[in-house]
Amino acid sequence: MGLKGDTITIHGGRPLRGRIELKGAKNLVTKAMVAAILGETPSVLRDVPDISDVRVVRGLLDVHGVKVTSDEEGVLHLDPSNVESAHMADIDAHAGSSRIPILFCGPLLHRLGEAFIPDLGGCRIGDRPIDYHLEVLRQFGAVVEKQPSGIRMSAPNGLKGTKVHLPYPSVGATEQVLLTAVRAEGITELRGAAIEPEIMDLINILQKMGAIITVDTDRVIRIEGVDRLDGYSHTALFDRNEAASWAAAALATEGDIFVGGARQAEMLTFLNVFRKVGGKFDIADDGIRFYHPGTQLNPVIIETDVHPGFMTDWQQPLVVALTKAKGVSIVHETVYEQRFGFVDALVEMGATIQVHKECLGGQACRFGQRNFNHSAVISGPTHLRGADIVVPDLRGGFSHLIAALSAEGTSRVSNVGIISRGYENFIAKLEQLGADFVLEG
Ligand code: EPZ
């Protein structure tokens, strides 16, 4: 759903109340679509959200000859029978700012012996390097050549299992190993893996296709390469990041939101923090009800980390709620070096937030001595006043929406199209929850 004017005018101060339904996780569905390339037969993926990141991957699959059809809402049929090489220009035209093209490499090298990736984008939350990915692919035997408009890869002697030890439990690099190792010759051992629920769901998918993958207690993932994978039929895991975003919106607007499809097990760490802030939640079989306690919110000290820690994607929406807590909260962002750009707009609206280069509130992290403002101190309670805001990135953008909804007065929020990258029909959801706003343009 493209937003015509890309700007919405929000009249804040009204609690969000009602029910919204989640679809599959953006950060699983996009990878599951890529995994279909590995199958000799078609795949079916259910609970696919209508978001632009999914449309980008559909476009990329299309230029590679993979037929993607959808005869009912949220269900994709992916047929990789005629997968073929694509021109760099076509890939670039479809990739937009997505980082997904890097994950096409393993599957395309297996199917075609070559792959191209244009220079990549992604939200501006750090320089988003792909060094771990390129190193991993080289270890499998890929030849990586830098070209003027991107990178060309080939696998003259095929891809062979290898021992990988990631310098940081990167989600993307873990997925790179999985998507390459399942059809490589021999065994691959991955140390330092990320084990987010989205990655475990990708492993479920690969196992359905015929892969042999074990995840040991010490988080070592071993993959035995097989010489054939078939298509899968899978219903995607729910979107934890969207669930956490609406939960934070309920707190910040003093509201009450039932998030259909949210499950406790994958939200455990978030639910603990939500309760410590003072939020109330009720776990039901078909979702989770998140609501404001009607009393003062409490400050907390949070350190983001890989799973099962507090996800980096959860801190931005929660920071808005923390501006209303009585006291001083600290958020130490240890996954991305520059993920507090969104707080500038909150300060303009009246929040008291300072960012620091030091590792505050927890253990020293890899950004401590490198001049990155990666710790935030939030003092409250403060009242936010409406302002004109330009959305910087996906999660920061959703936080700006929440801030405008919880502020007194009117805010004009522009560049909101970015939010539809990861939040399906968020305009309709805001209407369902009683938000007072007007779409411009
Ligand atoms: C995935 O990004 C998610 N995106 C991110 O969600 C999420 O925040 C992140 O994982 C962490 O959970 C998708 O799945 C599409 P990483 P990814 O590799 O895989 C560094 C959202 O809003 N790194 O785990 O790119 C990197 O710079 C998005 O939905 C390297 O140095 O994240 C970062 O500091 C935002 N070299 C850290 O690792 C590499 O080659 C973690 O990145 C790769 C990563």
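The notes below take up the domains, then the ligand and its surroundings, and finally some details of the backbone.

This is a predicted model, and its protein chain is divided into two parts, domain 1 (7-22 + 238-439) and domain 2 (26-235). The ligand has 24 residues around it, and the shell they form takes at least three residues from each of domain 1 and domain 2.

**The two domains**

- Domain 1 is made up of the segments 7-22 and 238-439, whereas domain 2 covers 26-235.
- The C-alpha centres of domain 1 and domain 2 are 30 Å apart, and where these domains meet, 23 residues of domain 1 are in contact with 23 residues of domain 2.
- Between them, domain 1 and domain 2 bury about 2,000 Å², with 47% of that area on carbon and sulfur atoms.

**The shell around the ligand**

- Of the 24 residues that surround the ligand, the closest are Lys31, Asp131, Ser170, Asp313 and Val335.
- Sorted by class, the shell holds 10 nonpolar, 5 polar and 9 charged residues.
- At least two residues of the shell come from each of helix 1 (26-35), helix 5 (131-139), helix 6 (171-181), helix 10 (312-322) and helix 12 (394-406).

**Polar contacts and burial of the ligand**

- Lys31, one of the closest residues to the ligand, places a polar side-chain atom 2.6 Å from an oxygen atom of the ligand.
- The side chain of Lys26 has an N or O atom 3.0 Å from an oxygen atom of the ligand, and for the side chain of Tyr336 the corresponding distance between an N or O atom and a ligand oxygen atom is 3.1 Å.
- Taken alone, the ligand exposes 830 Å², and the protein buries 91% of that area.

**Details of the backbone**

- The peptide bond that runs from His307 to Pro308 is cis, with omega near 10 degrees, and Pro308 is placed in the loop between strand 17 (301-303) and helix 10, a helix that also supplies at least two residues of the shell around the ligand.
- The peptide bond from Gly380 to Pro381 is also cis, with omega near 5 degrees, and Pro381 belongs to the loop between strand 20 (375-380) and strand 21 (388-390).
- Asn371, a residue other than glycine, has a positive phi near 60 degrees, and its place is in the loop that lies between strand 19 (352-356) and strand 20.

Methods
Residues numbered from 1 in each chain as written. Predicted model: local features only at pLDDT ≥ 70, side-chain atom pairs only at ≥ 80, totals over all residues. Heavy atoms only, no water. Near = heavy atom within 4 Å. Polar contact = N/O pair within 3.5 Å; in protein donor to acceptor, adjacent residues only side chain to side chain. Areas by Shrake-Rupley, 256 points an atom, 1.4 Å probe, with all protein chains shown as cover. Helix = DSSP H or I, 4+ residues; strand = E, 2+ residues; numbered from the N terminus. Nonpolar A, V, L, I, M, F, W, Y, C, P; charged D, E, K, R; others polar. Domains from an automatic or database assignment. Contact = heavy atoms within 4.5 Å. Buried area = accessible area lost by both parts, 1.4 Å probe.
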